[in-house]
Amino acid sequence: MAFRSLAGFAHRPPIIETLFENTHIKIDRITARGQITPPGEFPAEPSNEFIHVLKGNLVLEYEGEKEKVNLKAGNHALKGPKQRTRADFTAPKEDTVWLKVSYKGQSGRYPEFTGAVGPEEIHKKGRK
């Protein structure tokens, strides 16, 4: 993956740690400090993606879209398999850390299950 560092910052690639993967899903934790995808480059990643920022600030640019998506800790974004995105900005003075969940298949509802806590647990419905 190509990257570029913002002016005045160490030229090192972002750190990508694969936390889990199988034939249907891959979960990466990405840590960047001032690294971006080079302007005009939109890597082809033919999977659905859920991006959730844990720390810092990430600005995503979707190919063909004028508006950029500004994500801060606690925010998330979705990308379909035909969409292309690039990191337009990561915080230069602190680590930006995000989870990227890449998955195959259609979006939809996961079957209800009790989970680890028990029947009294609360399931919040996220944004669609």
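1. In what order do the five strands of the open sheet stand? They run β2-β3-β10-β5-β8, and the pairing is antiparallel. Two strands count as a pair if DSSP finds at least two bridges between them. At the edges you'll find β2 (15-21) and β8 (76-79), each with a single partner strand, so one side of each has no neighbour in the sheet. From one strand to the next, the twist averages 20°; axes here are lines fitted to C-alpha atoms, and angles run from 0 to 180 degrees between N-to-C directions.

2. A word on what you're looking at: this is a predicted model, where local features need pLDDT of at least 70 and side-chain atom pairs count only at pLDDT 80 or more, while totals for chains, interfaces and linings use all residues. Residues are numbered from 1 along each chain as its sequence is written, and side-chain values use heavy atoms, with hydrogens and water left out.

3. Now the chain as a whole. It has ten strands and zero helices. Both are DSSP runs numbered from the N terminus: strands are E with at least two residues, helices H or I with at least four. Of the contacts with a separation of 6 or more, 64% are between residues 24 or more positions apart; a contact means heavy atoms within 4.5 Å.

4. The chain exposes about 8800 Å², with carbon and sulfur atoms supplying 55% of that. Areas come from the Shrake-Rupley method with a 1.4 Å probe, and for residues only the protein chains shown count as cover. Of the 128 residues, 33% count as buried. Buried is under 20% relative accessible area, exposed is over 50%, and partly exposed is in between (1.4 Å probe, protein chains only).

5. Back in the sheet, have a look at β3 (residues 25-32) and β10 (residues 96-103). They pair in the antiparallel sense over eight bridges, and I25 stands opposite Y103 in β10.

6. Next, the inside. The largest nonpolar core has eleven residues: I30, A32, I51, V53, L58, L60, Y62, L71, A77, A87 and W98. Such a core is a set of buried Ala, Val, Leu, Ile, Met, Phe, Trp, Tyr and Cys residues joined through side-chain atoms within 4.5 Å. β3, β5 (48-55) and β6 (57-62) each give at least two residues to this core, and β6 gives the most, with three. Among the residues W98 touches, leaving out those up to four places away in sequence, are I30, A32, I51, V53 and L58.

7. Beyond its neighbours within four places in sequence, E49 is in contact with A77, L78, K79, K100, V101, S102 and Y103.

8. K68 sits in the loop between β6 and β7 (69-72) and is partly exposed at 43%. The side chains of K68 and D88 are joined by a polar contact of 3.0 Å. That term means a pair of N or O atoms within 3.5 Å; within protein, one must be able to donate a hydrogen and the other to accept it, and residues adjacent in sequence count only if both atoms are side-chain atoms.

9. Setting aside neighbours within four places in sequence, F20 is in contact with I25, K26 and I27.
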